[in-house]
Amino acid sequence: MTIHELVGTDRARSYDWEDPLLLAAAAGRMTGLEFLTAYTEGRLPHPPALVTNGIRPVEFADGRAVFELTPAEWQYNPIGCVHGGVLSTLADSALGCAVHTKLGVGFAYTSLELKINFTRAVTVASGRLRCVGTVVTFGRRVATSEATITDEAGRVVGHASSTCLIMEHS
């Protein structure tokens, strides 16, 4: 008898996403803050990576990005908690978008490095997670940012830092 026969498999998930190239094309025609505001307000589609992982943009300001994630069973790893890759995606989104808020028209960024520390296991019982990313330094070619992920009770479940390369939008 398999595990599926013992516990059942009545779980399913489906979702839709829009063409990510539409979003990418719009990014080069706006400042970073205008672009992020437009997609938060629904005037541009959400990135498929965020839709896939259940990550929602909350707010953007100069040098600051906030995202939320409600942990779900489908995000679990084999040891019964949310996979570190999901939390890394949440952190990377806040880290990168904090930098993105500072970009002028015609500029883009890419992550060069991501460092994350997991400080507490995350499960469905953790409640909604909030990740706040802020820019630490912003230069002509390189920016750094840091982020903190907290659970619904305000406990830190992870913190991260990133280095981004700033370049002309292609």
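1. How many salt bridges does a search of the whole structure find? The search finds eight of them, and since the model is a predicted one, the points below describe what has been computed from its atoms.

2. Arg 11 belongs to the loop between α1 (3-7) and α2 (20-27), while Glu 73 belongs to the loop between β2 (64-69) and α5 (84-100), so the pair ties together parts that are 62 residues apart in sequence. As for accessibility, Arg 11 counts as exposed because its relative accessibility is 56%, whereas Glu 73, with a relative accessible area of 44%, is partly exposed.

3. A further salt bridge joins Glu 59 to Arg 64, whose closest N and O atoms are 3.2 Å apart. Glu 59 is partly exposed, at a relative accessible area of 31%, and Arg 64 is likewise partly exposed, at 29%. Glu 59 and Arg 64 also belong to a network of salt bridges, in which they are linked with Glu 68, Arg 128 and Arg 130.

4. Arg 155 and Asp 151 form a salt bridge as well, and here the closest N and O atoms are 2.8 Å apart.

5. The bridge partner of Thr 150 in β6 is Val 156. The hairpin of β5 and β6 has five residues between the strands, and in this hairpin Gly 154 takes a positive phi near 85°.

6. Ser 162 deserves a separate look: this residue is placed in strand β6 and counts as buried because its relative accessibility is 2%, under the 20% cut-off. Which residues does Ser 162 touch, not counting those up to four places away in sequence? They are Leu 95, Ser 111, Glu 113, Ala 143, Thr 144 and Ser 145. With Glu 113 there is also a polar contact, in which the side chain of Ser 162 reaches the backbone oxygen of Glu 113 at 2.9 Å.

7. The structure holds four aromatic pairs. In one of them, the rings of Phe 35 and Tyr 39 have centres 6.2 Å apart and planes at 55°, so this pair is tilted. Phe 35 and Tyr 39 both lie in helix α3 (residues 32-40), where they are four residues apart, about one turn of the helix, and both residues are buried. Phe 60 and Phe 67 form an edge-to-face aromatic pair, with 5.6 Å from centre to centre and 75° between the planes; these two residues are both buried. Ring pairs link Phe 35, Tyr 39, Phe 60 and Phe 67 into a cluster.

8. The charged end of Arg 13 is placed over the ring of Trp 74, at 3.5 Å from the ring centre, and the charged end of Lys 102 sits over the ring of Phe 138, at 5.9 Å from its centre.

9. Where is the place of Lys 102, and what does this residue touch? Lys 102 is found in the loop between α5 and β3, and with a relative accessible area of 30% this residue is partly exposed. Not counting residues up to four places away in sequence, Lys 102 touches Asp 62, Gly 63, Val 135 and Phe 138. The side chains of Lys 102 and Asp 62 are joined by a polar contact of 3.0 Å. Lys 102 and Gly 133 are 31 residues apart along the chain, and their C-alpha atoms are separated by 13 Å.

Methods. Residues numbered from 1 in each chain as written. Predicted model: local features only at pLDDT ≥ 70, side-chain atom pairs only at ≥ 80, totals over all residues. Heavy atoms only, no water. Salt bridge = Lys/Arg side-chain N within 4 Å of Asp/Glu carboxyl O. Helix = DSSP H or I, 4+ residues; strand = E, 2+ residues; numbered from the N terminus. Buried < 20%, exposed > 50% of the residue type's maximum accessible area, 1.4 Å probe, protein only. Pairing = 2+ DSSP bridges. Polar contact = N/O pair within 3.5 Å; in protein donor to acceptor, adjacent residues only side chain to side chain. Contact = heavy atoms within 4.5 Å. Phe/Tyr/Trp six-rings, centres within 6.5 Å; stacked < 30°, edge-to-face > 60°. Lys NZ or Arg CZ within 6 Å of the ring centre and 35° of its normal.
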